[in-house]
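This briefing goes through one protein model with its ligand, topic by topic. Please keep the sequence and the structure open while reading.

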Amino acid sequence: MKNHLKFSGGTLLAIGLLISACQGKKTETVVNEADSVAQDSVAKKELPKPINEPLVTHMYTADPSAHVFNGKIYIYPSHDIESNVPQDDEGGHFDMKDYHVLSMDSIGGKVTDHGVALDIKDVPWAGRQMWAPDAAFKNGKYYLYFPVKDKKDVFHIGVATSASPTGPFKAEPNFIKGSYSIDPAVFTDTDGKSYMYFGGIWGGQLQRWSDGKYDSTGSKTDLKKDSLPAISPRVALMSKDMLSFAGPVKDVKILDPEGKPLLGGDHDRRFFEASWVHKYNGKYYFSYSTGDTHFIAYAIGDSPYGPFTYKGVILNPVVGWTNHHSIVEINGKWYLFYHDSVFSEDKTHLRTIKVTELKYNPDDTIQPIDAYHK
Ligand code: FUB
């Protein structure tokens, strides 16, 4: 991958931070414009003008899972890096090796990077590629959920715990039994029960899993069967200690407005990756990326298990191939956290996270967002 960045002068500080991060030191840093990884970059490509600036630019971040814990905003993103793994069809160039936690007191306020919260070398079963994480709080403990390939190159979902929302997190010795694929999102309902949603097709390997068994050829759930129901994301009830599944892994059904399952060929609406669930006015909103058509779409249901009925688009395609988000209520307003690749001039694997307000219509549908000025 050609590197368009040219480092000098003020960027050295950012490089220092990145080196600390790579060495696994947990340093807390209030970050600002001067720390930018790309402030000395050469002339930018012609890209659409974003409505929001990145939350941080001292490192690349993606897949932001935002939560409010004890009145403070915490963001659990992927930490994108340039590791020079060549681009391939399975996303080998998304070769992330650790997680940082970011925090803010309020939207628009200063952002603190709390340093390395979990490093791949401290996950006994991990092979490569730490992808989109999520976090949860229960029983006085914080839980970091993360997908990573095992040593045989099969994605599973791990869990790590900490007494602090910013870590450091200690990984459990093995991945969550029965977990597979990518993009965990943990939703805790008002009755205290927690559920993990997960899965991602293509590089996320969901198409290789059928009846809980792995088939490396993926032949049982061929992506090309356009006239059959699309591959479903998965959901499982979490155990009380949040370290395992307490029930079977179930398919999350996404239906069209006529009550029929969305089909594999319906690329504009069918699930690809990046599950998220939030509750609004007593209804469950399941949102996700449509992958190769690049929308964040959503569907509404009456139960955390679904079925969910497709309602529309939350976020139009962003610069960069991937689209991934979270939705959270903060002081009575709702926000969409998302990412794009404008800052790296459209390098798909070098993204920055952003936030924007999300608004509902009077009928509880969501107003679609375009991340760029017209
Ligand atoms: O960040 C790696 C992968 O890209 C995520 O797991 C997907 O959701 C996509 O954003």
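**Alanine 171 and its surroundings**

Not counting residues up to four places away in sequence, alanine 171 touches Leu118, Asp122, Val123, Pro124, Phe146, Val159 and Ala160. The model is predicted. Alanine 171 sits in strand β10. With a relative accessibility of 10%, alanine 171 counts as buried, because buried means under 20% relative accessible area.

**The chain as a whole**

- The protein chain has one helix and 24 strands.
- Of the 374 residues in the protein chain, 59% are buried.
- Among contacts in the protein chain with a separation of 6 or more, 55% are between residues 24 or more positions apart.
- The protein chain exposes about 15500 Å², and carbon and sulfur atoms supply 53% of that area.

**The ligand site**

- Which residues are found around the ligand? They are Asp63, Ser78, Met96, Trp131, Ala132, Ile182, Asp183, Glu273, Thr322, His324, His339 and Arg351.
- By class, this shell has four nonpolar, four polar and four charged residues.
- An N or O atom in the side chain of aspartate 63 is 2.5 Å from an oxygen atom of the ligand.
- For aspartate 183, too, an N or O atom of the side chain is 2.5 Å from a ligand oxygen atom.
- Histidine 324 has a polar side-chain atom 2.7 Å from an oxygen atom of the ligand.
- On its own the ligand has 280 Å² of accessible area, and the protein covers 98% of it.

**Nonpolar cores**

- In soluble globular proteins, nonpolar side chains tend to be buried together.
- The largest nonpolar core has 36 residues, of which Tyr145, Ile176, Met196, Tyr197, Phe286 and Tyr288 touch the most other members.
- At least two residues of this core come from each of β8 (141-150), β9 (155-162), β11 (185-188), β12 (194-198), β15 (234-237), β19 (283-289), β20 (296-301) and β21 (308-315).
- Strand β12 gives this core its largest share, four residues.
- Methionine 196 is in contact with Tyr145, Ile157, Ile176, Pro184, Ala185, Val186, Arg234, Val235, Ala236, Met238 and Phe245, leaving aside its neighbours within four places in sequence.
- There is a second, separate core of 25 residues, which includes Tyr76, Tyr142, Phe146 and Ile182.
- Ile182 of that second core is also one of the residues around the ligand, and Phe146 of that core is among the residues that alanine 171 touches.

**Glutamine 129, a buried polar residue**

- Glutamine 129 lies in the loop between β6 (126-128) and β7 (134-138).
- Is glutamine 129 buried or exposed? At 0% relative accessibility, glutamine 129 counts as buried.
- The side chain of glutamine 129 reaches two backbone oxygens: that of glycine 91 at 2.8 Å and that of phenylalanine 94 at 3.0 Å.
- Leaving aside neighbours within four places in sequence, the contacts of glutamine 129 are Gly91, Gly92, Phe94, Asp95, Met96, Ile120, Pro147, Val148, Lys149 and Phe155.
- Met96, one of these contacts, is also found around the ligand.

**Backbone exceptions**

- Most residues other than glycine have a negative phi, and most peptide bonds are trans.
- The peptide bond that joins glycine 167 and proline 168 is cis, with omega about 0°. Proline 168 lies in the loop between β9 and β10 (170-171).
- Glycine 306 and proline 307 are also joined by a cis peptide bond, with omega about 0°. Proline 307 is placed in the loop between β20 and β21.
- Alanine 274 is not a glycine, but has a positive phi, near 65°. This residue lies in strand β18 (residues 273-280) and is buried, with a relative accessible area of 0%.
- Asparagine 331, also not a glycine, has a positive phi of about 50°. Asparagine 331 is in the loop between β22 (325-330) and β23 (333-340).
- Where alanine 274 is buried, asparagine 331 counts as exposed, at 77% relative accessibility.

Definitions and conventions: Residues are numbered from 1 along each chain as its sequence is written. This is a predicted model: local features need pLDDT of at least 70, side-chain atom pairs count only at pLDDT 80 or more; totals for chains, interfaces and linings use all residues. Side-chain values use heavy atoms; hydrogens and water are left out. A residue is near a molecule or strand if one of its heavy atoms lies within 4 Å of it. A polar contact is a pair of N or O atoms within 3.5 Å; within protein, one must be able to donate a hydrogen and the other to accept it, and residues adjacent in sequence count only if both atoms are side-chain atoms. Accessible areas come from the Shrake-Rupley method with a 1.4 Å probe; for residues, only the protein chains shown count as cover. Ala, Val, Leu, Ile, Met, Phe, Trp, Tyr, Cys and Pro count as nonpolar, Asp, Glu, Lys and Arg as charged, and the others, Gly among them, as polar. A nonpolar core is a set of buried Ala, Val, Leu, Ile, Met, Phe, Trp, Tyr and Cys residues joined through side-chain atoms within 4.5 Å. Buried means under 20% relative accessible area, exposed over 50%, partly exposed in between (1.4 Å probe, protein chains only). Contact means heavy atoms within 4.5 Å.
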